[in-house]
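Here are some friendly notes to read with the structure open beside you. Take the points in order and look up each residue as you go.

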Protein chains: 2
Amino acid sequence: MKTYKCYCIDLDGTVYRGKEPINETVQFVHHLQQQGKEPFFVTNNASQTPDQVLSKLSGFGIEAKRSHIMTSAMAAAKYIAYHYPGKDVSMIGERGLHDALLENGVNIVSSSKEVFVMGIDREITYEKLAQACLDIRQGATFISTNSDRAFPNERGLMPGNGAFTALIQNSTGIEPIFIGKPQGHMLEMIRLEHQYEKEDMVMIGDNYDTDIMAGINFGIDTIHVNTGVTSTEEALLKSVRPTGTFETLVECI
Amino acid sequence: MKTYKCYCIDLDGTVYRGKEPINETVQFVHHLQQQGKEPFFVTNNASQTPDQVLSKLSGFGIEAKRSHIMTSAMAAAKYIAYHYPGKDVSMIGERGLHDALLENGVNIVSSSKEVFVMGIDREITYEKLAQACLDIRQGATFISTNSDRAFPNERGLMPGNGAFTALIQNSTGIEPIFIGKPQGHMLEMIRLEHQYEKEDMVMIGDNYDTDIMAGINFGIDTIHVNTGVTSTEEALLKSVRPTGTFETLVECI
């Protein structure tokens with residue numbers, strides 16, 4: 001297999017499934033680190049802070065670098081700080097998004113006609129959604145961390161941020177800017193902050209529609225692993241195939 | 001103007017705007033009642049009980065009959081009692097829907113794999129939406145009182161039941177059965193319960209896409225009034241025009 005300078009690895013379905021690590025991926029990460037290559041971890045989950053992600057990875061035997069964690073919340077905060085400097089920003093979301101906005105110097109307000117950003121919020125209320133709809137109708141730019149329709153937990157498939165974003169889109173008739181995969185914004189942030197060339201980067205994940213499509217949309221190589229949402233068979237039937245497909249990442253060592 | 005036996009009149013935008021009556025409609029209703037014709041009031045609003053609607057109408061000088069109030073909640077309850085007799089039904093909604101289900105002998109449960117029905121709920125929580133998504137993924141028939149994307153209040157356009165329905169539809173990938181206008185279910189309930197022929201019925205309203213389309217979809221005459229959402233100009237540009245258009249209903253006396 002071709003080697004890269006920058007490995008961008010999805011989390012859920014690639015590094016772990018819920019509370020269980022995928023051991024072949026853990027071995028692959030250790031192998032990269034032994035070669036002096038610190039992988040990046042790229043997740044659409046906007047509810048967790050980088051420190052919460054580090055702590056979860058540590059529990060699976062992976063000691064990652066904080067600067068190499070990229071959540072859709074961090075990418076959204078960086079995107080807002082870059083494209084809307086000095087603007088008032090209202091938000092729906094949990095600590096991951098709130099802390100990321102503060103860390104990037106964004107001025108958070110309860111209602112704004114300038115920018116509104118949405119992440120998953122399991123303390124959602126009618127009032128929060130109503131205020132967001134009013135803000136967007138009055139002209140606030142509508143940004144959403146990711147378009148994930150559902151995510152698994154022990155009860156089944158729970159509604160994801162994409163579904164709540166669809167509610168606001170349906171009510172206001174206004175399309176959001178999505179930051180997470182399958183868009184390439186998170187990969188672009190990594191490229192800019194760490195100065196890689198696109199040919200040195202690879203996106204690795206289990207989900208064709210988010211992980212692989214993010215790599216394809218951004219224009220870098222992609223590796224599909226058969227450890228989660230999309231089967232290898234399905235991935236190979238797509239009109240644009242991943243650069244490589246493997247049962248697990250242990251085959252890439 | 002042709003006269004009818006059964007006048008079905010929309011509420012918001014036709015009988016009143018928010019807290020203000022539309023006096024020409026009040027006069028028209030009095031005129032009908034003087035002729036011994038009790039009009040029906042047909043609303044997509046699923047949050048209010050018939051008694052709450054009666055009380056609001058009374059405040060505007062209209063003494064309507066309880067049996068002539070048709071809300072999308074009542075229609076949904078009757079639809080479920082008719083099509084899913086004896087089934088367990090889980091719900092999201094306010095008192096209007098809850099009471100209508102009980103009144104129609106529906107067995108309300110907290111989680112059901114048989115039937116789920118959704119109406120506007122301004123006490124919505126993540127947990128309620130998550131349980132609905134799980135129920136629907138496990139096979140519960142997905143019924144929604146109406147597809148209204150937004151409704152006006154003093155703050156602006158607030159998210160309506162259609163937007164919350166879109167959230168569940170987006171997350172589960174499953175299409176709901178909508179009961180309210182522009183579907184014809186409420187008019188069909190009136191026809192069945194009160195034994196009218198379609199040629200004796202007319203649907204009157206301000207909103208082409210809901211009121212007039214409900215009449216057209218059900219196959220009865222329609223009257224558009226220029227007192228709310230759709231202007232007469234817009235209504236006349238549609239490929240299927242209303243049977244009649246008037247500035248206000250006082251012209252129909």
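1. Let's begin with a term. A nonpolar core is a set of buried Ala, Val, Leu, Ile, Met, Phe, Trp, Tyr and Cys residues joined through side-chain atoms within 4.5 Å. Please keep in mind as you read that this is a predicted model.

2. With that term in hand, look for the largest nonpolar core, which has 38 residues. Phe116(A), Ile168(A), Phe116(B) and Ile168(B) are the members with the most contacts inside it. Two or more residues each come from β8 (115–118), α5 (126–137) and α6 (161–172) of chain A, and likewise from β8 (115–118), α5 (126–137) and α6 (161–172) of chain B. Apart from this core lies another one, of 34 residues, and Val42(A), Val89(A), Val117(A) and Ala214(A) are among them. As background, nonpolar side chains tend to be buried together in soluble globular proteins.

3. Which residues does Phe116(A) contact, leaving aside its neighbours within four places in sequence? Among them are Met91(A), Ile92(A), Ala132(A), Ile136(A), Phe142(A) and Ile143(A), and Ile168(A) is on the list too.

4. Now turn to the place where the chains meet. Chain A and chain B each bring 29 residues to the contact. Between them they bury about 2,400 Å², with 61% of it on carbon and sulfur atoms. On the chain B side, Tyr126(B), Arg155(B) and Asn170(B) lose the most area to chain A, together 30% of what that side buries.

5. Polar links are found here as well: 8 residue pairs are in polar contact between chain B and chain A, and 2 salt bridges cross the interface. In a salt bridge, the side chain of Glu127(A) meets that of Arg155(B) at 3.0 Å, N to O. The elements of chain B that give two or more residues to the side touching chain A are α5, β10 (150–153), β11 (156–159) and α6. Of these, α5(B) gives the most, with 8 residues.

6. Finally, visit Lys181(A), which a "binding site" annotation in an unreviewed UniProt entry covers. Lys181(A) sits in the loop between β12 (177–178) and α7 (185–194) of chain A. Is Lys181(A) buried or exposed? Lys181(A) counts as buried because its relative accessibility is 3%, and buried means under 20%. The side chain of Lys181(A) makes a polar contact with the side chain of Asp10(A) at 2.9 Å.

Conventions
Residues numbered from 1 in each chain as written. Chains lettered and ligands numbered in written order. Predicted model: local features only at pLDDT ≥ 70, side-chain atom pairs only at ≥ 80, totals over all residues. Heavy atoms only, no water. UniProt positions renumbered as here; feature names shortened; annotations may be inferred. Helix = DSSP H or I, 4+ residues; strand = E, 2+ residues; numbered from the N terminus. Buried < 20%, exposed > 50% of the residue type's maximum accessible area, 1.4 Å probe, protein only. Polar contact = N/O pair within 3.5 Å; in protein donor to acceptor, adjacent residues only side chain to side chain. Contact = heavy atoms within 4.5 Å. Buried area = accessible area lost by both parts, 1.4 Å probe. Salt bridge = Lys/Arg side-chain N within 4 Å of Asp/Glu carboxyl O.
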